[in-house]
Amino acid sequence: TAPIVASTVLVTYSVMPGNPVMMIATYVNSINTKELIVADTQYVNRYNPTFNILEDITVTPYTGNKFQFFSWTNYASPTYTPRLIFSNNKDVIQQYDGTVVSDYAYSMDTSAAIPVAVTTLTCAFINEFKDRLVLTRTTENTVVYPQRIRISGTGESSDDFTIAATGAGFIDIPDGTWIKGTAFSRDDLLIFT
């Protein structure tokens with residue numbers, strides 16, 4: 001119906017820039033309800049089934065391009081709060097706890113092999129493996145470590161990558177090749193170079 005002459009017309013709309021989709025993930029909360037999370041090269045969105053729309057939940061737009069796909073996993077916090085952890089291998093690793101997206105907080109080693117604190121961390125691949133978070137092909141303080149495998153502690157040390165956390169630390173693959181992917185075969189995490 002045409003509006004009355006000289007009346008105010010209010011239009012509600014949502015527009016996105018048409019970037020390529022780089023992640024379609026499922027966040028699983030503490031009561032096993034699932035939420036669809038979709039990210040493109042700049043924005044992360046949560047699907048709202050009531051209105052059949054994607055809602056932007058981005059804090060700071062991402063800077064990746066169409067070649068930087070996200071890697072993600074559901075991984076509980078040290079207090080066993082469910083969260084989705086994800087990375088596009090360019091911007092810092094992020095987490096979603098069912099409410100907000102925030103930077104992933106971690107503890108990192110400052111040993112002789114790593115003489116300065118790791119203040120910015122991203123990675124190409126994220127996996128949960130037997131209660132540990134495994135980050136592969138990391139970028140630490142803007143330095144790319146193409147052969148690096150970072151492993152967290154477990155339980156209360158699930159975000160602790162320091163050697164003080166039992167079983168935590170890092171391994172550099174010695175053959176000089178880049179890590180190209182990760183996948184599970186039953187109980188084994190395969191790392192492709």
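Rings of Phe, Tyr and Trp (its six-membered ring) form an aromatic pair if their centres lie within 6.5 Å; planes under 30 degrees apart count as stacked, over 60 as edge-to-face and the rest as tilted. This is a predicted model, in which local features need pLDDT of at least 70 and side-chain atom pairs count only at pLDDT 80 or more, while totals for chains, interfaces and linings use all residues. Residues are numbered from 1 along each chain as its sequence is written, and side-chain values use heavy atoms, with hydrogens and water left out.

Five aromatic pairs are found in the whole structure. One of them, Phe 70 with Phe 86, is tilted, at 6.0 Å centre to centre and 55 degrees between the planes. Phe 70 and Phe 86 are both buried (under 20% relative accessible area, 1.4 Å probe, protein chains only). Together with Tyr 62, they form one aromatic cluster.

Arg 148 has its charge over two rings, listed below. A charge sits over a ring if NZ of Lys or CZ of Arg is within 6 Å of the ring centre and within 35 degrees of the ring normal.

| Charged residue | Ring | Distance to ring centre |
|---|---|---|
| Arg 148 | Tyr 145 | 4.0 Å |
| Arg 148 | Phe 170 | 4.0 Å |

Glu 35 is buried yet has no salt bridge; Arg 46, the nearest side chain of opposite charge, is 4.3 Å away. A salt bridge needs a side-chain nitrogen of Lys or Arg within 4 Å of a carboxyl oxygen of Asp or Glu. The side chain of Glu 35 does make a polar contact with that of Tyr 96, at 2.7 Å (a pair of N or O atoms within 3.5 Å; within protein, one must be able to donate a hydrogen and the other to accept it, and residues adjacent in sequence count only if both atoms are side-chain atoms).

How values were computed: Buried means under 20% relative accessible area, exposed over 50%, partly exposed in between (1.4 Å probe, protein chains only). Lys and Arg count as positive and Asp and Glu as negative; His and the chain ends are not counted.
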